[in-house]
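Please go through this note with the coordinates open.

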Amino acid sequence: MANDNTLSIKIEALTADLIKKLRGASKSLDKFSEKAKVVGKKMQSAGIAMSKGITAPLAILGGVALKAAADLETLETSLSVMTGSAKEGKKLLKDLTSFAAKTPFQLEGIGNTAKMLLAFGFTAVDVKENLKSLGDVSAGSGTDLGELGRVFGQVAAAGKLTGERLLQFQERAVPIGPALAKTMGVAESSIKKLVSEGKVSFADFEKAFKSLSEEGGVFEDAMIKQSKTLAGVFSTLKDNVQISLGALGQDIATAFDLRGVAEKLIEKINLET
């Protein structure tokens, strides 16, 4: 193993090289500054007065932006793996960020719900379509989006609605019984019997579930209404800022080739230890 002094000299040399690159990247720095201003303007338009004390420390902003970019990249990678296509994963991430930017839900929770649905066998198109009804029912009933998505996925996996799942929806203030009675054209009092006999297929359940958020449904436009509350406004603001910071972080990482620099540093450390 090389002695500590040798390793220290190697790391210092690599660090000096990095500093040299950063000093020479004037165009990249200009781009970074402009991006930071854009983020500042977006936050100001949302009602946040950004003083010099907040915008000045670009290093801090850069660190937060890089973290946001890393989180987005991690989610995109997971979606790409689960859909079996990098192109499909990127497209689904775009749909999820758009959904997050307009709803009272955080991107992290939306992403986890999407991955859960994919794991249950739904396609990327199915995920996008079902998020609308899941979101409205979640916002209207006050049930966690991920929790609701899990029970929804379990019904899909079973291929039918079971008594246990029916009870879970009822416990979460989701009136799936009345919705089923209406869409299936039967008496509400007969739903439990039909469920116990295995006669309520996933297709029957899905149609009834979606009707809850459709025109005339008990949870129609629940996300829109929830997004106008104080909590909803702050949640939407947080997601929009997070998405903007993620874009900024990607630009920083690309401009300074941070992946390449980090890989070289790791390689040097491994060679000298």
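1. Basis. This is a predicted model, in which local features need pLDDT of at least 70, side-chain atom pairs count only at pLDDT 80 or more, and totals for chains, interfaces and linings use all residues. Residues are numbered from 1 along each chain as its sequence is written, and side-chain values use heavy atoms, with hydrogens and water left out.

2. Aromatic pairs. The structure holds nine of them. Rings of Phe, Tyr and Trp (its six-membered ring) pair if their centres lie within 6.5 Å; planes under 30 degrees apart are stacked, over 60 edge-to-face, and the rest tilted. Phenylalanine 152 and phenylalanine 202 make an edge-to-face pair, at 5.7 Å centre to centre and 80° between the planes. Phenylalanine 152 sits in helix H8 (residues 145-158) and phenylalanine 202 in helix H12 (residues 202-211), so this pair ties together parts 50 residues apart in sequence. Helices here are DSSP runs (H or I, at least four residues), numbered from the N terminus. Both phenylalanine 152 and phenylalanine 202 are buried. Buried means under 20% relative accessible area, exposed over 50%, and partly exposed in between (1.4 Å probe, protein chains only).

3. A tilted pair. Phenylalanine 169 and phenylalanine 209 are 6.0 Å apart centre to centre, with 55° between the planes. Phenylalanine 169 belongs to helix H9 (residues 163-171) and phenylalanine 209 to helix H12, so the pair links parts that are 40 residues apart in sequence. Phenylalanine 169 counts as buried because its relative accessibility is 0%. Phenylalanine 209 is buried too, with a relative accessible area of 0%. Phe122, Phe152, Phe169, Phe202, Phe205 and Phe209 form one aromatic cluster.

4. Nonpolar cores. A core is a set of buried Ala, Val, Leu, Ile, Met, Phe, Trp, Tyr and Cys residues joined through side-chain atoms within 4.5 Å. The largest has 46 residues, and Leu161, Phe169, Ile176, Phe205 and Phe209 have the most contacts inside it. Helix H7 (residues 124-141) gives the largest share of this core, six residues. A second, separate core has seven residues, among them Ala68, Leu237, Leu245 and Ile252.

5. Phenylalanine 205. Which residues does phenylalanine 205 touch, not counting residues up to four places away in sequence? They are Phe152, Val155, Leu161, Phe169, Ile176, Leu180 and Val200. Contact means heavy atoms within 4.5 Å.

6. Arginine 172. This residue lies in the loop between H9 and helix H10 (176-184). Arginine 172 counts as buried because its relative accessibility is 17%. Leaving aside neighbours within four places in sequence, arginine 172 is in contact with Ser141, Thr143 and Glu147.

7. Glutamine 250. Helix H14 holds this residue. Glutamine 250 is partly exposed, with a relative accessible area of 30%. Residues up to four places away in sequence aside, glutamine 250 touches Ala69, Glu73 and Arg259. The C-alpha atoms of glutamine 250 and lysine 67 are separated by 9.7 Å, although the two are 183 residues apart along the chain.

8. Largest pocket. A pocket is an open set of points on a 1 Å grid over the protein atoms alone, where a 1.4 Å probe fits, with protein on both sides within 12 Å along at least five of seven lines; lining residues have an atom within 4 Å of a point. The largest pocket has about 370 Å³ of space. Its lining has 16 residues, with Asp71, Leu72, Leu75, Leu107 and Glu108 nearest the centre. H4 gives the most to this lining, six residues.

Terms used
Points joined across faces, edges and corners; volume = space filled by probe spheres on them. Helix = DSSP H or I, 4+ residues; strand = E, 2+ residues; numbered from the N terminus.
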